[in-house]
Structure formats: structure tokens, C-alpha cells
Amino acid sequence: MTKQASNYPVLSIEELLSKDQYVIPRYQRNYAWTEAHISQLIEDVLDNVGSPLPYYIGTLVVFPRKKDGKLNSYEVIDGQQRLTTLTLLSAYLTQKERNQGNNTRHWFDIINLDFESRQLSSDTLKQAHSGIWFDDKRKNESLEHNEEIAAACEIIARVLPHKCREKSVAVDQFKEYFLELVKICRVTVPDDTDLNHYFEIMNNRGEQLEKHEILKARLMKKLDEADQVAFGIIWDACADMDRYVQYGIKPEIRKAVFGKHWKSFPWDEDVFQMIKQSANIKSKEKEEKLSDVIESNYTSVANESSKEDPERFNSIINFPNFLLHAISIHMKSGVVPLDDKQLLEAFNGLEEPEEIQDFAEALLGLRFLFDQYIIKRDRELGEKEWSLKELHLTDSNNPSYRNAYRDEALQQHIVMLQSMFHVSVPSRSYKYWLQGALYGLYWKLEEDGEDTILNHLQSMAKAFVFDRFLARESLEYEEIIFQNQCEPTIERWSELNMDRTRYGEIQNILLFNYIDYLYWSKVNLYPEVKNFKYTFRSSIEHYYPQNPIGGDPITNGRFLHSIGNLCLISHGKNSQLRHHLPQAKKEYYDKQVEIDSIKQFLMLEKAQEWNVNPEQSIKEHEEEVENLLKQSLYD
């Protein structure tokens, strides 16, 4: 019997991108991965660098295209976003040796990915392969290009070195692991496959059991039957992150736990036993009369659900990620990575029934705090607005939402701080700010009151900026949150490394967002500043351009790359305006309803001075920003 080649070979990235030709068919959508997607892929690989074991990055589903009976290329059915990004990462990592003529990797001299009927995308991919979009994207705007692919190159060139520094991994070390030990399974569907039928099956296929479901079963096995019921009630209530946790608890238990108006939590009581007892009582009352149900003081779950729009809110994290935050905070330890691929390993130490019950109580309490005091998207407010509302039951038994804090100024500041953190770190795996915020809510809110949470968030912002991003010796997040209680430890301004505020050395865009927050807190001259809202911005712009249209370039890098000449804006606006002089930028932005950056807005107000004497303007703004940072450190 002849042994046939497998339809499911496992390929290294080098093998994937060197042996066969791939085509993105016209029916596939355009390349659309954002910084969050790209960063997550880089982080996933980085977490495994140094291991002798391969990291499996998923599957690539392809259909064989033949010409004259022979394989000509593979049509990409599923996985094109990942394949394109892997190609761009490989282009970035190998550009130096290829450009220098050090052709130790002949396999990547020719790119093997093409976009059918999208010549612009194919051309941009070839330009990236030649290194064009990785080395100062601004120089290449005159080229016809696909903006999403070019933006992905800029993201890779900025994020990859930064993430490597964070993990103390050399880029070359990342490259060797990435090309040789990152593996992908290529699944080839038979060449007689009816693709229309295949897509129908793919769209309707069942989902695999997720890790958090496996974890639930594993923990419940260690409990007796009555405790399993209570544990299951808590777990299932917490699992739906887009709905307030009160709605996941049945009415007869809900008011016992959350109070008459659903807005309190019994921190000093044994919540697990309370739920266990309530569930046990209910199980003995299965045969209730219809009249008893009608006369009940509790509103039915169906009625309450009808009063709530289940699609109204959108959580900033998913349930597996929330579980990782919960176990870290419950154990007062940050040794648990926030990577949900390691979810099962994170709970290996939770063995005894009493420990599992204690964790279940902590999980429910943290979820209550998360719902009441952590921002979320509220569709009723619009996609650019952040929601921070508590759920409560009115005296007329109607669920309602109101601001989490009665003090409007306090509410505003906390929304600004949380949204500042959130947009600075799109990836769930690096949301250490959320861990710090929940830690403060869980261990400080009941003890010290609401004002303490604002102080806690402000201190955490200082600790992240000064102890991690500007310190000469950066502290780990675990030390900042769990050892230092989010209090900054830098005592003297001289201990800060201000070189880390320069272009190319900036560790995290939180620096810019924090500067915007400081301006927002202090500047009262412009209503536009007070109406500022944080959005996802990741493009660092030279306000006075590197290659100005109609002006002389700044040749002194001391001024050109200074924090005084930089601001954070969206990719689209950076692409449109990057070569324009300050006055031309001001004329454009004056027509905008909303401002992209407070720092930039204040620079625009002095645009004429920047046109005339850019170096002096940069120097003055640099001093202003440094003084603003210094003052915040000692406030």
C-alpha cells in the first residue's frame, strides 16, 4: 500500500513562505488587522522565545489550484489575515540581511503571496518585502499603496522592538525562533471540494469546548453536589461579560446577594453559603402554585430581561481574561500571566474545596465591582463615548442605570483615566492597568471610600509612566501593583531617563495619553480641551515634519525628535498631513469638530511661531511638557 503525503503538513514560517505560491482570492475581504491583532501575535510568539519547543500558531486552510493537471498555487480559504501578517513580519525581520547582500536566507528573496484582482495590495506587499514601509513610512507617501498594509508595517517596526525590550529578548533571538519554531498547520481541502458547500459548513460548525469551560468542570469535580450547584450559579453569572452580573442570578437569590436595589455586595458575609442555601431552598419549592408566583415579591427573570437591552453594553475584556485578573487579585500575586492560553495552568494551585469556594466568592465580588466601576462601551451613548454606570433597581421595580459616582467631577476624572489606560493598551494580555484598578477596588474601596479610587488610578498612572517607562531601571508590573500598591517610587527627577521621551525610544504610548490627561486636568482656557475624549490612536507625528513641504527641514535631531515636537494622532490623519507645515496643519484641524490630541491642539495654537522659528518653539514646548510631568510626579 503506497503511503500518500498528508494533507495537513505542519510548516515552519520559513517553510511556509519559501516553497509554494499562495493567492488571496477576490472573494476574501481586504487586509484589516489592527495594532491589537498584530501586537497579540507578536506577544504570543515572544512568550515562547527561548523554549526548545515549537509554538503552533493555528491553521491555514487552502484549496489547490491546478494548471495543466499540475499544482499551480494554493487559494487561501481561511487564515489570510494571519498569512499576510506573517509575511510582513518575515519581511521586517530579514530586510537587513537581504539589503546588505548577506543572503543567508535565499528562501525569501522572492515573495510568494499575491492578491487576486487587488494589484495595489500586491504592490504594497512587494514594497514591504523590499523594506520600503518599515524605514520611515513618511518618506514613501507619494507611492501608490494599500494604507492598511503600509500601516501594518509601521506598527511592526514600532511594536516588535518595544515588545522585545519589555521581555529582554533580542530581536535576532525573536527572529530565529519565529522563522524556525513557529509552526502552522496547512490544511488542504480536496480539489473536488464544493467551496460553496464548504463555506456553509464552516459557518455552521460547532465550537470546540473552550478552556474556561474545561476549567469550570475541573474545579467543580473537587466539590460535593450542593457546592457544585452554588459554584455553577456564580460561574455562569460571571461568564457573560456583556451583561451586568445581577442579571445572571435568579431573582430569589439576586436580592439576597445584591440587596433590595441590587447595588450592594455583602463583603462581610459568607456569600457562597448564602447562594448555596438559597438554591437549596428553591430546589425544595419546585411545585409552586401559579398564584404564589404571581404574588411573589420578585420580578420574573423574563420580565427583567425584557427591560434590559442585552446588546447595550460591551465589555473591554472577555471572561477567560477576567478569570486571570480574578485569580491574581484573589491571591494578591501578579505571577499569573494575563494570557488566556495559560488559563488552565494559572489555576493549578487551586485544589482544596474551601479554596475553590473562596475563589468563587472573590470572582463574584470582583465581577460586581467590574460592572459597577470599570468603563465599558454603551451603544446608547454612541461608539465614541465611554460608560461608567451602576445598575440598580428603582422603587417601582424597574432596572435602571446611573453614574457610578454621584460627584460629576469625580466621575469624569475616573472615566478619563480608565479610557486613557484602555486605549494605550489594546491587547487584553497586557491590561495590567485593569489588574491594578480592580486590585484597588477590591482591597481599598470598601475601606477608604470612592475618593480613594481616583487617587489610586492617578498614582497608578504615575507609577506606570515614571517607574516603568521613564525610569533608568524599569520596574515590573507585578512589583508596581502588588508590592508597591500602585504608588510611584521615584523620589528624584534626576533618576528619570528623559531620552525615553524621544522619537524611537518611547516605551509606550501611555506617555502621550498621560500628558493629555495632565493638560485636560489643568488647562481651562479652551472648551475643546474639556470635551476631549480618548480614542484609539497609535501614530506618533512629528509636528514640524521631517520632510516639510514649502519649508526648511530641521537637521538637528536634538530638536527634530524631541518630545516637544511629537504628538499622538490617528494613522489616517498622520498619513494625510505628515509633510505639511504647522500652519497648514492648523488650517486643517480648525475645521475638525473634535480634537485628536490635547498636546497637539495646544501646539496648533502657536502654529505661526512654529513656522517662523521651529527649533525655539520645540525647545519651549519640551520644557513645558517636562515641567508638567515633573509637577505631576510631586503632586
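Helices here are DSSP runs of H or I of at least four residues, strands are runs of E of at least two, and both are numbered from the N terminus.

The side chains of R367 and D371 meet in a salt bridge, 2.9 Å from N to O. By salt bridge I mean a side-chain nitrogen of Lys or Arg within 4 Å of a carboxyl oxygen of Asp or Glu. Both R367 and D371 are buried, that is, under 20% relative accessible area, with exposed meaning over 50% and partly exposed lying in between, for a 1.4 Å probe and protein chains only. Elsewhere, salt bridges with shared partners join E35, E154 and R158 into one network.

Some housekeeping. This is a predicted model, in which local features need pLDDT of at least 70, side-chain atom pairs count only at pLDDT 80 or more, and totals for chains, interfaces and linings use all residues. Residues are numbered from 1 along each chain as its sequence is written, and side-chain values use heavy atoms, leaving out hydrogens and water.

Back to the charges. Side chains of opposite charge can pair when their charged atoms come close. How many salt bridges does the structure hold? There are 27. One of them joins R468 to E166, with the closest N and O atoms 3.7 Å apart. This pair links distant parts of the chain, since R468 sits in helix 19 (residues 450–469) and E166 in helix 5 (residues 147–166), 302 residues apart. R468 and E166 are both buried.

Another salt bridge is formed by the side chains of D378 and R312, at 2.9 Å from N to O. D378 belongs to strand 8 (residues 376–378) and R312 to the loop between helix 13 (301–307) and strand 7 (313–314), so the pair ties together parts 66 residues apart in sequence. D378 and R312 are buried too.

Next, strand 6, residues 182–188. Seven of its seven residues are buried, so strand 6 is largely enclosed by the rest of the structure. V182, I184, R186 and T188 point one way, and K183, C185 and V187 point the other way.

Which strands pair with strand 6? Pairing requires that DSSP finds at least two bridges between two strands. Strand 1 (residues 10–12) runs antiparallel to strand 6 and is joined to it by three bridges; L11 stands opposite I184. Strand 3 (residues 55–67) pairs with strand 6 in the parallel sense over six bridges, and there V62 has T188 as its bridge partner.

Now helix 2, residues 35–46. Its 12 residues should span 16 Å at 1.5 Å a residue, and the end C-alpha atoms are 16 Å apart, which agrees. The expected span is 1.5 Å times one less than the number of residues. Nine of the 12 residues are buried, so helix 2 is largely enclosed by the rest of the structure. Among the buried ones are E35, I38, L41 and V45.

Last, the cores. A nonpolar core is a set of buried Ala, Val, Leu, Ile, Met, Phe, Trp, Tyr and Cys residues joined through side-chain atoms within 4.5 Å. The largest core has 126 residues, of which L364, F464 and Y517 touch the most other members. Helix 16 supplies the largest share of this core, 11 residues. A separate core of 51 residues includes W33, V45, L83 and Y177.
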